[in-house]
Amino acid sequence: MGKVRKYSRLGLVITLALGLVVGCSNNAANNKAETTTKNDTSPITFSYFGEDANPNWQNMQDDISKEITKQTGVTLDAEFAVGDPAQKVALIATSGDYPDLINPKGDLNKLVDAGAMLDLTDLIDQYAPNIKKMFGDQIKRLRYSNDDKSIYVIPTYSAVDGKTFVAGGGFELQHRAVKEAGYPEIKTLQDYENVIKSYLAKHPTDETGNKNIGLMLNSDDWRMYISVTNPAAETTGKSGDGEYYIDSNTNEATYHFRTEGEKEYFQWLNHMYNTGLLEQDTFVQKNDQYLAKVASGRVIGLIDADWDYADGEKSLKTAGKPEQTYGHYSVMLSDKYKDNRFQSTGFIAGWGIGITTACKDPIRAIKFLDFMASEQVQVLNNWGIEGKQYTMQDGKRVVPKEVQERIINDSTAFSKETGIGFYTNIGAHYGDGVKDSTGNYITKNYPEQIIEAYTAADKETLQAYNATTWLDLFPKEDQFPVKAWGAAWNIPVPSDDESNILANKMKDITWKRIPEAVTAKPEEFDKIWDDYQQDLIKAGVEKMEKGFTKYVQDRVKLWNE
């Protein structure tokens, strides 16, 4: 393993010195050297794999993709994850059959361990001025670890210099249900439950006689984290650190299911299930069934991220049923806890896109990734093509009314045609609130444009709460200190590390016990929970916590040297 990685780096240094490029592979005898001219825009195809699904991808036949190919000559032969993305990356790593470019999210360690990734440090230094400019002195955060200072990926899941303007998570309720309840205060689980319960009491079925659904969660594979388990931490004041709670004073990690308040959260879900307010198929249905139910308009409440249920909600907008779409609410277990979902991580680096040792032309590839970080592509990916998806009026980018209506009411077709947003995680990018050289915002996520994209139902609900955006209903990030470790979920841990092996055991236990506890009879809940906690201890949860704590503390050290 070490020899493969060492060889790759040595080969890269030689090629940079000679102005050539090594096309690396697992078999050194198959390496090929190719000359890459400075402004080469001749046609080239790079294979690409990304862990995120993209059902709207049109094989680069949309407006934005065509423009990218025109400017660079690059076409992506893209594959997006179907099923378990972590398993797919593991197969790629063990097979040795690597794509040219890969976006492995939290599974980078599998590829690094296999010697599959190129160290991009020298490539960035010599061929990527846009990337160097964007990251500036934060480029040290791109380093893999204290022991391995290589840069294996360009971060694409964490925007640079951004501000939070969008609240796309929390607890969701249909506008019609909140309106009928008289726009009550929605701050606790009880408040949230009351809206659902009162609506179903008056409207047990929809207009065609089908049963309305109170609350629905998405438990299909990895979505279990987003919709079922993460909310237990979030409703008890523990923000966005995946499966861990990190003590901000000691930087010590605890498996969050062992912390205060989480038993009570799952006991509430048990109550919702036993009273018929939680969809009985929650733990057996697949994602497409979940989205179909959202699209039916029968689901009153969700606990999810908007990007996860977006396709179902788009169908409601297309059908002219905005009152059956969702608003986002800051809901906590009780008023004892403060919502810190939007506590700042700072720039967290971590997940992103890298070049593998199988890449046929690493210099051309890094130039492509540098182009993706340019101001031109930032604007293109967020706004589209001037004269088609936006116009310039008095020096400002403006989305024409007819285009805006399509974005709101026909977003799936619009997305396929334009490709807007497809490249957010395929290139480094600035965050919301950052302006370009013309003084315009790079993204559309700034208050005025966010409001413009709201439906009439969104605006009516927000007005009732004296708010202009959903973020107004949540505590702001400036009310909390920046987390020194960034986000625990994006700290890389070697796949063969004991804490990682133990983490998989804890996941298996948790994904078995949590559904069991939620769907149990109320009188059985306490015993199941106690057994669950004992299962974790017997499986080595304390050793896992201690092991992961080291990685958290190492991250803090790496970032603050």
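The structure is a predicted model, in which local features need pLDDT of at least 70 and side-chain atom pairs count only at pLDDT 80 or more, whereas totals for chains, interfaces and linings use all residues. Residues are numbered from 1 along each chain as its sequence is written, and side-chain values use heavy atoms, with hydrogens and water left out.

The protein chain contains 21 helices and 15 strands; helices (H or I, at least four residues) and strands (E, at least two) are DSSP runs, numbered from the N terminus. Its C-alpha trace spans about 75 × 65 × 40 Å along the principal axes. The radius of gyration is 24 Å, which agrees with the value near 24 Å for a compact globule of 561 residues; this radius is taken over C-alpha atoms, and the globule rule is 2.2 Å times the number of residues to the power 0.38. Of the 561 residues, 54% count as buried, where buried means under 20% relative accessible area, exposed over 50%, and partly exposed in between (1.4 Å probe, protein chains only). The chain exposes about 24,100 Å², of which carbon and sulfur atoms supply 49%; accessible areas come from the Shrake-Rupley method with a 1.4 Å probe, and for residues only the protein chains shown count as cover. Among contacts with a separation of 6 or more, 76% are made by residues 24 or more positions apart, a contact being heavy atoms within 4.5 Å.

Two strands are taken to pair if DSSP finds at least two bridges between them. Strands of a sheet pair through backbone hydrogen bonds, either parallel or antiparallel. Strand β8 runs parallel to β11 (residues 299-303), and 3 bridges join the two. Within this pairing, Ile213 stands opposite Val299 of β11.

The structure holds 28 of them, each defined as a side-chain nitrogen of Lys or Arg within 4 Å of a carboxyl oxygen of Asp or Glu. One joins the side chains of Lys360 and Asp100, with an N to O distance of 2.6 Å. Lys360 lies in the loop between β13 (352-355) and α13 (362-372), and Asp100 in the loop between α3 (85-95) and β5 (101-103), so this pair ties together parts that are 260 residues apart in sequence. Lys360 is partly exposed at 32% relative accessible area, whereas Asp100 is buried at 4%.

Another salt bridge connects Asp241 with Lys483, their closest N and O atoms being 3.2 Å apart. This pair links distant parts of the chain, 242 residues apart: Asp241 is in the loop between α9 (223-234) and β9 (244-246), and Lys483 is in the loop between α18 (456-464) and α19 (498-518). Asp241 is buried at 6% relative accessibility, and Lys483 is buried at 5%.

A local case is the salt bridge between Asp311 and Lys314, at 3.8 Å from N to O. Because these residues are 3 residues apart in helix α12 (residues 306-318), about one helical turn separates them. Asp311 is partly exposed, at 34%. Elsewhere, salt bridges that share partners join Lys512, Arg513, Glu516 and Asp535 into one network. Arg513 belongs to helix α19 and is buried at 13%. Its C-alpha lies 9.4 Å from that of Asp535, which is 22 residues away in sequence. Not counting residues up to four places away in sequence, Arg513 touches Ile528, Asp531, Tyr532 and Asp535.

Two asparagines complete the description. Asn59, although not a glycine, has a positive phi of about 55°; this residue is found in the loop between β3 (44-50) and α2 (63-72) and is exposed at 55% relative accessibility. Asn251 also has a positive phi, near 60°. Asn251 is located in the loop between β9 and β10 (253-255) and counts as buried at 15%.
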